[in-house]
Amino acid sequence: MKFTEEHEWLREEDGVMVVGITIHAAEQLGDVVFVELPEEGTTVSKDDEVVVIESVKAASDILAPVDGEIVEVNAALTDNPAMVNDDPQGEAWFFKMSVSDASQMDEFMDEAGYQKFIA
Amino acid sequence: MSELLKTPLFSLHESLGAKMVPFAGYAMPVQYPMGVMQEHLHTRSGAGLFDVSHMGQVILSGPSWEAVALAFEALVPMDVLGLADGRQRYGLFTNEAGGIEDDLMFARRGDTLFVVVNAACKGADMARMRAGLPDEITVEELTDRALIALQGPGAADALAGLDARAADMRFMDVTDLTLGGHEVWASRSGYTGEDGYEISVAAQDADALARTLLALEGVAPIGLGARDSLRLEAGLCLYGNDIDTRTDPVSAGLSWAIQKVRRRGGEREGGFPGAAQVLEAFANGPDQRRVGLKPEGRAPMRAGVEIFETAEGGAPIGAVTSGGFGPTVEGPVAMGYVMANHAVHGTQLFGEVRGKRLPVEVVKLPFVPANFKR
């Protein structure tokens with residue numbers, strides 16, 4: 001699993017990247033009450049706002065970690081946004097995307113690096 | 001946060017693991033480890049303890065109750081003179097344009113008036129009272145007292161275990177109680193829509209009293225985050241968001257707070273700042289009205305979201321002034337102002353969220369029925 005400075009995680013699965021937010025990010029957000037997902041098939045560029053996530057406190061965005069295409073979204077989050085707090089690094093993934101330029105992944109941190117980043 | 005003021009419960013909040021944030025110049029707990037959602041739900045099912053010591057507590061005294069009450073009536077459009085001893089009312093400071101300078105609670109304690117004002121406004125309110133009241137009225141800010149709210153259906157039983165007299169109080173009664181050896185001024189009121197109490201206590205006793213209350217069955221500490229969602233579901237205004245210097249009491253849906261005796265034809269008609277404008281709004285109806293807004297989808301509509309009549313085109317006919325997620329409603333809730341001809345309950349309007357017009361219905365407030373002990 002790789003981690004970004006935007007508190008996202010990426011996990012490779014069947015040739016695509018599964019993307020979600022970290023436990024730390026979920027804790028900071030507080031109780032999540034609304035998730036708006038992108039449409040499958042959308043082409044995105046790194047840092048595009050692809051997901052809107054609202055907690056009891058505020059609205060925030062999740063940015064595309066790399067260039068690519070959204071191939072699948074986790075529709076269960078729309079009906080049950082609280083999953084994001086319950087299992088942010090497991091069941092509550094947001095979307096799966098293909099990666100156009102794998103070199104964009106080079107800057108991402110490993111688990112130890114991310115723990116250091118948030119410490 | 002060294003530059004921020006601390007309430008007498010600051011170290012208690014820290015020991016409880018609160019997340020502290022700046023609010024109106026004070027370091028205040030926005031949430032505890034329980035989290036905003038659970039804190040909100042706990043207050044509606046058990047009892048929540050809130051530190052509201054940042055609010056201003058003021059005593060007005062003078063040669064007689066009549067002198068104090070009539071002097072205060074020059075600043076507020078409420079019936080103060082008619083307030084019985086041991087009773088409390090909601091009030092508003094108005095300005096010369098009929099706008100709202102602050103909202104407040106005032107209680108009669110013998111021949112004195114006990115006034116509680118918003119933290120962010122208390123400096124201006126003190127100046128307003130000192131300038132606007134005659135010399136024979138003494139205005140004393142009680143900087144050596146804390147204020148603790150205990151709110152929720154479990155509040156009465158919890159407090160009655162410490163002083164049985166608490167159970168006999170009705171909504172908006174004020175009385176002296178002895179809680180765990182501490183003398184307090186209690187009112188049966190609050191700002192959550194639930195039954196409960198606000199307790200004024202000497203600053204040096206506040207920490208011990210709060211710990212005593214937290215040790216009672218079903219009492220948990222609740223932060224400002226849940227306080228906001230509780231008052232929003234209860235349809236109660238947050239000063240600075242839902243009411244301000246540009247909104248008049250009639251547009252704000254606070255006409256009920258202006259008793260007949262101060263309205264046109266009343267025995268003490270007018271005589272408060274902006275009386276002409278406020279009484280005019282009564283007579284002719286306001287241009288816009290504060291309404292409840294229930295988004296039909298799941299997306300919260302927060303303060304600033306513009307309201308439109310149609311799904312496309314047209315100019316805004318209003319805006320959200322408070323909005324978010326209502327944990328008891330289990331969905332988004334909001335309130336705001338719309339043009340008066342669109343303020344009928346059941347009207348479908350549209351709120352623009354991130355460039356999209358989403359359906360929202362004008363609904364009756366509150367979202368959650370009040371649970372007061374009348």
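This is a friendly dialogue on reading some features of a predicted model.

Reader: Let's start with charge on the outside. Which residues gather in a patch of negative charge on the surface?

Author: Asp and Glu count as negative. Here the patch is made up of E5(A), E6(A), D47(A), D48(A), E49(A) and D61(A). Take E5(A) as one example: the loop between strand 1 (2-3) and strand 2 (8-13) of chain A holds this residue. With a relative accessible area of 55%, E5(A) is exposed.

Reader: And where does D47(A) lie?

Author: D47(A) is in the loop between strand 5 (43-44) and strand 6 (49-55) of chain A. Its relative accessibility is 44%, so D47(A) counts as partly exposed.

Reader: What should I look for in the backbone angles?

Author: Most residues other than glycine have a negative phi, and most peptide bonds are trans. D47(A) has a positive phi, near 75 degrees, although the residue is not glycine. In chain B, R354(B) also has a positive value, with phi near 50 degrees. You will find R354(B) in the loop between strand 18 (348-353) and strand 19 of chain B, and at a relative accessible area of 39% this residue is partly exposed.

Reader: Is the peptide bond from L365(B) to P366(B) cis or trans?

Author: That bond is cis, with omega near 0 degrees. P366(B) belongs to the segment after strand 19 (356-363) of chain B.

Reader: Now a helix, please. Which residues of helix 9 of chain B are buried?

Author: Buried means under 20% relative accessible area. In helix 9 (residues 275-284) of chain B, the buried residues are A275(B), V278(B), L279(B) and A281(B). Looking down the axis of helix 9 of chain B, you see these buried residues within an arc of 150 degrees, so they line one face of the helix. A276(B) and N284(B) are exposed on the other side. After helix 9 of chain B comes G285(B), with a positive phi near 80 degrees.

Reader: Let's move on to salt bridges. How many does the structure hold over all chains?

Author: Side chains of opposite charge can pair when their charged atoms come close. Over all chains, the structure holds 26 salt bridges. One of them joins the side chains of D79(B) and R268(B), at 2.9 Å from N to O. This pair links distant parts of the chain, with its members 189 residues apart. D79(B) sits in the loop between helix 3 (65-73) and strand 5 (88-94) of chain B, while R268(B) sits in the loop between helix 8 (224-233) and helix 9 of chain B. D79(B) counts as buried, at 12% relative accessibility.

Reader: How far apart in helix 7 of chain B are R211(B) and D207(B)?

Author: They are four residues apart in helix 7 (residues 203-214) of chain B, so about one helical turn separates R211(B) from D207(B). These two form a salt bridge, and their closest N and O atoms are 2.7 Å apart. R211(B) counts as partly exposed at 40% relative accessibility, and D207(B) counts as partly exposed at 21%.

Reader: What does E352(B) pair with?

Author: The side chain of E352(B) meets that of R357(B) in a salt bridge, 2.8 Å from N to O. E352(B) counts as partly exposed, at 30% relative accessibility.

Reader: Which residues are joined into one network by salt bridges that share partners?

Author: That network consists of E73(B), D79(B), R89(B), R262(B) and R268(B).

Key. Residues numbered from 1 in each chain as written. Chains lettered and ligands numbered in written order. Predicted model: local features only at pLDDT ≥ 70, side-chain atom pairs only at ≥ 80, totals over all residues. Heavy atoms only, no water. Patch = residues over 30% accessible without salt bridge, like charges linked within 9 Å, V, L, I, M, F, W, Y side chains within 5 Å. Areas by Shrake-Rupley, 256 points an atom, 1.4 Å probe, with all protein chains shown as cover. Salt bridge = Lys/Arg side-chain N within 4 Å of Asp/Glu carboxyl O. Charge placed at Lys NZ, Arg CZ, Asp CG, Glu CD. Helix = DSSP H or I, 4+ residues; strand = E, 2+ residues; numbered from the N terminus. Buried < 20%, exposed > 50% of the residue type's maximum accessible area, 1.4 Å probe, protein only. Arc of directions from axis to C-beta.
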